[in-house]
Amino acid sequence: MKAVVFKGVGEIGLEERPMPALQEPGDALVRVTLTTICSSDIHIKHGAVPGAVPGVILGHEFVGVVDQVGAGVRRFRPGDRVAVNVETFCGECFFCRRGYVNNCADPQGGWSLGCRIDGGQAEYVRIPYADNGLTAIPDSVTDEAALFTGDLLSTGYWGAGLGEIRRGDTVAVIGAGPTGLCAMMCAKLYEPAHIVAVDVDPGRLLLARENGLADVVLNPSESDVKSEILALTGGRGADCVMEAAGGERTFEMAWQIARPNAVVCVIAMYEEDQSLPLPQMYGKNLVFKTGGVDGCRCGEIMELIAEGRLDTGCLITHRTDLDHILEAYRVFEEKRDNVVKYAVSVGRHSDQNRRP
């Protein structure tokens with residue numbers, strides 16, 4: 001089968017690989033129908049993910065059809081359309097029982113797919129703990145609509161929950177890339193008074209505004225973001241800040257635009273260490289929440305998609321197939337052609353956008 005392989009720092013390739021096989025009773029084999037490229041894949045390519053294993057098949061954001069199931073799988077059967085969670089989790093360890101599935105204690109737990117074990121930029125993929133790691137796609141939901149359930153939407157949903165957003169709050173989201181846009185979508189569920197999108201890319205700010213994801217957009221190269229947010233909030237600052245950019249100065253911006261006693265959620269993946277200037281922020285009494293997504297609420301997210309309350313259609317700006325994915329990587333990494341996200345169809349009989 002064809003698969004995108006992380007060959008070592010700075011190098012990926014499209015290769016022929018053997019078909020995966022079931023290894024444990026809880027495994028499922030999924031035929032991939034639609035996949036995408038994530039910024040985390042670019043971080044792996046750059047060598048910024050220490051746990052990534054050279055030779056691993058990339059991809060952790062995809063949908064498909066169940067092909068085979070192990071004897072221990074109870075919730076799924078061959079032929080089921082499914083979205084795949086970004087994380088593998090046993091459901092039984094100390095962390096899983098508390099919903100912290102990113103820190104699952106199982107050797108394959110946490111973010112494994114496309115990092116430590118073979119992922120979904122391939123024709124087929126093995127999913128450990130399939131009853132936990134798969135989410136059924138309703139007949140009314142297309143593959144494209146479900147594509148971001150297990151990672152991007154999970155991250156946005158998790159980040160908005162971390163932010164303790166209340167009705168009438170002002171929420172600032174730094175970064176209007178795919179993660180930031182999903183964070184805005186999910187923040188809207190809490191009915192804040194304002195969602196402020198901050199980015200240096202005018203095209204992405206326009207996308208956020210035109211699709212109703214943000215009612216205020218700010219470009220740091222054109223305006224003083226802190227002053228604008230203080231003016232919007234009566235001099236207080238944002239009630240919740242979600243840092244989804246991971247840029248050179250965005251961490252500093254996040255705590256500066258937050259009001260005293262606000263929650264600052266760092267949901268971006270950085271490639272360099274950041275400094276926490278405690279003397280400068282003394283007295284602001286900020287709460288920082290950081291880390292990788294706990295992707296265990298995909299069922300709730302899928303229901304919101306089916307109800308039309310979460311719609312990621314505006315994120316898909318480009319489409320291609322697995323044969324041309326390396327060119328898609330170049331476009332995505334270099335942010336060419338106003339790309340936001342790719343939908344990459346897989347296989348000759350792709351079920352992309354199929355409603356049975």
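A nonpolar core is a set of buried Ala, Val, Leu, Ile, Met, Phe, Trp, Tyr and Cys residues joined through side-chain atoms within 4.5 Å, where buried means under 20% relative accessible area, exposed means over 50% and partly exposed lies in between, using a 1.4 Å probe and protein chains only. The model is predicted, with local features needing pLDDT of at least 70 and side-chain atom pairs counting only at pLDDT 80 or more, while totals for chains, interfaces and linings use all residues. Residues are numbered from 1 along each chain as its sequence is written, and side-chain values use heavy atoms, with hydrogens and water left out. Helices (H or I, at least four residues) and strands (E, at least two) are DSSP runs, numbered from the N terminus.

**Nonpolar cores**
- The largest nonpolar core has 88 residues, and those that touch the most other members are Leu 134, Leu 153, Leu 181, Met 184, Met 242 and Leu 315.
- Helix α6 (residues 178-188) gives this core its largest share, which is 7 residues.
- A second, separate core has 21 residues, among them Ala 172, Val 196, Val 198 and Ile 229.
- Leaving aside residues up to four places away in sequence, Leu 315 touches Phe 148, Leu 152, Pro 178, Leu 181, Cys 182, Met 185, Val 340 and Lys 341, where contact means heavy atoms within 4.5 Å.

**Helix α5 and its surroundings**
- Helix α5 is mostly covered, since 10 of its 11 residues are buried, including Leu 153, Tyr 157 and Trp 158.
- These buried residues pack against α6, β11 (238-243), β12 (258-266), β13 (287-290), α11 and β15 (341-345).
- Helix α5 (residues 152-162) packs against helix α11 (residues 298-306) at an angle of about 105°, with the axes 10 Å apart; axes are lines fitted to C-alpha atoms, for helices over the stretch in contact, and angles run from 0 to 180 degrees between N-to-C directions.
- The two helices α5 and α11 are therefore roughly perpendicular to each other, a term that covers angles of 65 to 115 degrees.
- On the α5 side the contact is made by Leu 153, Ser 154 and Tyr 157, and on the α11 side by Cys 298, Glu 300, Ile 301, Leu 304 and Ile 305.

**An exposed loop residue**
- Arg 167 lies in the loop between α5 and β8 (170-174), and counts as exposed because its relative accessibility is 71%.
- Not counting residues up to four places away in sequence, Arg 167 touches Tyr 190 and Glu 191.

Note on methods
Parallel < 35°, antiparallel > 145°, perpendicular 65-115°, else oblique.
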